[in-house]
Amino acid sequence: MGFAERSTLRDVSAYRDKESSNAEGGSDITFDLSSNELVLSPLPTVLAAIEEGLPRLARYPDPTARDLTRAIAGHLCVSADEVAVGPGSAGVLQQILLALCGRGDEVVYAWPGFDAYPLLVAISGATSVHVPLTVSGGHDLDEIRTRVNARTRVVILCSPHNPTGVVIDHGELCGFLRSLPDHVVAVIDEAYVEFHRNSDPAGMPKVLREHSNAVVLRTFSKAHGLAGLRVGYAAGPREVVATVRKTAIPFGVTRFAEQAAMLSLRSEDELRERMAAVTAARDELTADLVDMGLPVLPSRANFVWLPLASAAESFARAAATAGVKVRACPGHGVRISVGDAEAHRTLLAALGQKDRGNRL
């Protein structure tokens, strides 16, 4: 064949293409603590609405998800033309990169980070520029700023950061945004923000009003428990959002996803209760791991990060042997999603046995 692969795709793989839901440890995996899924089921009102809508599966959804767009705009106190929706925050990020980047452009972000970033950047034709995290697991904003040049089109900032759970200080964020040249857009990935504040951050609309180079990216997959429906959104300047909408996949947000997301937005009190339960479990897991003598960073997400460096893969193998799947970043550390009490007990018991055998 005369097929020629785009050069930016040669060094990346399809997203988790070698991995099934029970990839490490095969069928012996009982608990999956690797994907940051919400341990709780969607709200009962959401489940009921989905069941009621099943007879309409033969119909296309609204191609613009107009009702959801308006609901999100009201929730964020912004205009509807400042909001773009898509199939999960990763899908919306792909739209953003396709709209703003091309061959010869660069996208700067901290690493290790969300493992879809390199692929999404490559799909746009741009080149990734990785900036190492600080020792404390946060963004090195000064170093990121030095990597910005005439070729830079987008800087991605993830707060709370995936995989470390560290939050960017608000004042430092604003100072960084002010320092960027006019041709650069900062995408602030807030997929886990609800776990940090237990509510919508009051400062977010202010950030958008005061910084015309900022786009905020969010999802209904994590705190809202709708990962299987794939719906997320971005909020930012009208001219950027208008371009981002052009790169959307037709009918990318299903009718079920739109309705479920709107119902979830209306359930803030229940959401806060759920976030309190998840963060309490996160803090308890952190304390238990620390008691075992393991290094754990303070997290503001629904996962914890252990900076284990070269021991990351052996840690993941020890967990998988006991039937618990965690996410290893070889050479960096291990990310453990917050699960239910039984999953945590199984993991801790396995790690205790490994530690006693001095094989970790």
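Helix 12 (residues 312-321) is mostly covered, with seven of its ten residues buried. Here, buried means under 20% relative accessible area, exposed means over 50%, and partly exposed lies in between (1.4 Å probe, protein chains only). Helices (H or I, at least four residues) and strands (E, at least two) are DSSP runs numbered from the N terminus. The buried residues of helix 12 are A312, S314, F315, A316, A318, A319 and A320. Just after helix 12, G323 adopts a positive phi of about 90°. The model is predicted, so local features need pLDDT of at least 70 and side-chain atom pairs count only at pLDDT 80 or more, while totals for chains, interfaces and linings use all residues. Residues are numbered from 1 along each chain as its sequence is written, and side-chain values use heavy atoms, with hydrogens and water left out.

Nonpolar cores were examined next. A nonpolar core is a set of buried Ala, Val, Leu, Ile, Met, Phe, Trp, Tyr and Cys residues joined through side-chain atoms within 4.5 Å. The largest nonpolar core holds 44 residues, of which L68, I72, L177 and F220 touch the most other members. Helix 10 (residues 255-265) gives the most to this core, with six residues. Contact means heavy atoms within 4.5 Å. Not counting residues up to four places away in sequence, L177 touches A186, I188, V207, H211, N213 and A214. A second, separate core of 25 residues includes F114, Y117, V215 and V241. In soluble globular proteins, nonpolar side chains tend to be buried together.

D189 is located in strand 6 (residues 185-189). D189 is buried, with a relative accessible area of 5%. Leaving aside neighbours within four places in sequence, D189 is in contact with Y117, L157, C158, S159 and L217. The side chains of D189 and Y117 make a polar contact (2.6 Å). Such a contact is a pair of N or O atoms within 3.5 Å; within protein, one must be able to donate a hydrogen and the other to accept it, and residues adjacent in sequence count only if both atoms are side-chain atoms. T69 is placed in helix 2 (residues 66-76). T69 is buried too, with a relative accessible area of 7%. Not counting residues up to four places away in sequence, T69 touches T64, A80, V83, V85 and R245. The C-alpha atoms of A80 and D189 are separated by 20 Å, and the two residues are 109 apart along the chain.

On a 1 Å grid over the protein atoms alone, a cavity is a set of points where a 1.4 Å probe fits but cannot get out, and a pocket is an open set with protein on both sides within 12 Å along at least five of seven lines; lining residues have an atom within 4 Å of a point. Grid points are joined across faces, edges and corners, and a volume is the space filled by probe spheres set on the points. The largest pocket has a volume of about 830 Å³. Its lining comprises 40 residues, with Y15, R16, F114, D115 and K222 nearest the centre. Helix 3 gives the most to this lining, with six residues. By class, the lining has 20 nonpolar, twelve polar and eight charged residues. Ala, Val, Leu, Ile, Met, Phe, Trp, Tyr, Cys and Pro count as nonpolar, Asp, Glu, Lys and Arg as charged, and the others, Gly among them, as polar.
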